Amino acid sequence: MKHRNTQYSSKSYRTSSLRDANPNNSRTQIITRVVGVTFENRQEVVAILEVGEQITLRREPTNPYDSNAIRVERLTCEQIGYIDRYKAASLAPIFDACGGIGAGTVIHLTGGNSNGMSLGVVIEFSVPHLYLNSNGGYGYA
């Protein structure tokens, strides 16, 4: 299986990276692997992804396994996987305060070599800075 428009590498990615691209920017850039890509025929979806492709991140508060779940999908609504549950626990309040949906980009595709490795996806997206407002709820900058 081979991805189009990408180079394969065994390059290791950290699980996630947070960075402020600009100190005056009110958003935080997040780079992370997508988890759960080997379940429910998601490898078929990952196989057609391309680097640079836009993706959607959608909160799934009714997910029976994780009430903080954030689903990652193509713009066609085909599921790619999820944000790691530990990151999702931190990000869920931000997504909830912002309407439960976000956008991102596929920045790297991994695996798929002839050695039988599963395909993987690394994405990048940004979130606004969250703060506790005077009513005890969350707001974002």
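Glutamate 60 is a charged residue that counts as buried, with a relative accessible area of 18%; buried here means under 20% relative accessible area, exposed means over 50% and partly exposed is anything in between, using a 1.4 Å probe on protein chains only. Before going further: this is a predicted model, in which local features need pLDDT of at least 70 and side-chain atom pairs count only at pLDDT 80 or more, while totals for chains, interfaces and linings use all residues. Residues are numbered from 1 along each chain as its sequence is written, and side-chain values use heavy atoms, with hydrogens and water left out.

Glutamate 60 sits in the loop between β3 and β4. Strands and helices are DSSP runs numbered from the N terminus, with at least two residues (E) for a strand and at least four (H or I) for a helix. What does the side chain of glutamate 60 join up with through a polar contact? That would be the side chain of tyrosine 82, at 2.8 Å. A polar contact is a pair of N or O atoms within 3.5 Å; within protein, one must be able to donate a hydrogen and the other to accept it, and residues adjacent in sequence count only if both atoms are side-chain atoms.

Setting aside neighbours within four places in sequence, glutamate 60 is in contact with Asp66, Ser67, Ala69, Arg71 and Tyr82, where contact means heavy atoms within 4.5 Å. Take the Arg71 entry on that list: glutamate 60 and arginine 71 are 11 residues apart in sequence, yet their C-alpha atoms are 6.6 Å apart in space.

Arginine 71 belongs to strand β4. This arginine is buried too, at 17% relative accessible area. Its side chain has a polar contact of 2.6 Å with the side chain of glutamate 73, and another of 3.1 Å with the side chain of glutamine 79. Once residues within four places in sequence are left out, the contacts of arginine 71 include Thr56, Leu57 and Arg58, as well as Cys77, Gly81 and Tyr82.

Strand β4 (residues 70–74) runs antiparallel to strand β5 (residues 79–82), with 3 bridges joining them; two strands pair if DSSP finds at least two bridges between them. Glutamate 73 has glutamine 79 in β5 as its bridge partner.

β4 and β5 make a hairpin with 4 residues between them, and cysteine 77 in the turn has a positive phi of about 75 degrees.

Arginine 59 is in strand β3 (residues 54–59). Its side chain has a polar contact of 2.8 Å with the side chain of aspartate 96, and one of its side-chain polar atoms lies 3.4 Å from the backbone oxygen of asparagine 68. Not counting residues up to four places away in sequence, arginine 59 touches a set of residues that includes Ser67, Ala69, Ile70, Ala92, Phe95 and Gly100.

**The aromatic pair**

Phe95 leads on to the aromatic rings. Rings of Phe, Tyr and Trp (its six-membered ring) pair if their centres lie within 6.5 Å; planes under 30 degrees apart count as stacked, over 60 as edge-to-face and the rest as tilted. The count by that rule is 1 aromatic pair. The ring centres of phenylalanine 95 and phenylalanine 125 are 6.4 Å apart with planes at 65 degrees, so the pair is edge-to-face. This pair links distant parts of the chain, 30 residues apart: phenylalanine 95 is in helix α2 (residues 85–97) and phenylalanine 125 in strand β7 (residues 120–128).

Glutamate 40 has a positive phi of about 50 degrees without being a glycine. For asparagine 41, also not a glycine, phi is positive and near 60 degrees.

| Residue | Relative accessible area | Class |
|---|---|---|
| Phenylalanine 125 | 2% | buried |
| Phenylalanine 95 | 5% | buried |
| Arginine 59 | 10% | buried |
| Cysteine 98 | 26% | partly exposed |
| Cysteine 77 | 47% | partly exposed |
| Asparagine 41 | 56% | exposed |
| Glutamate 40 | 65% | exposed |
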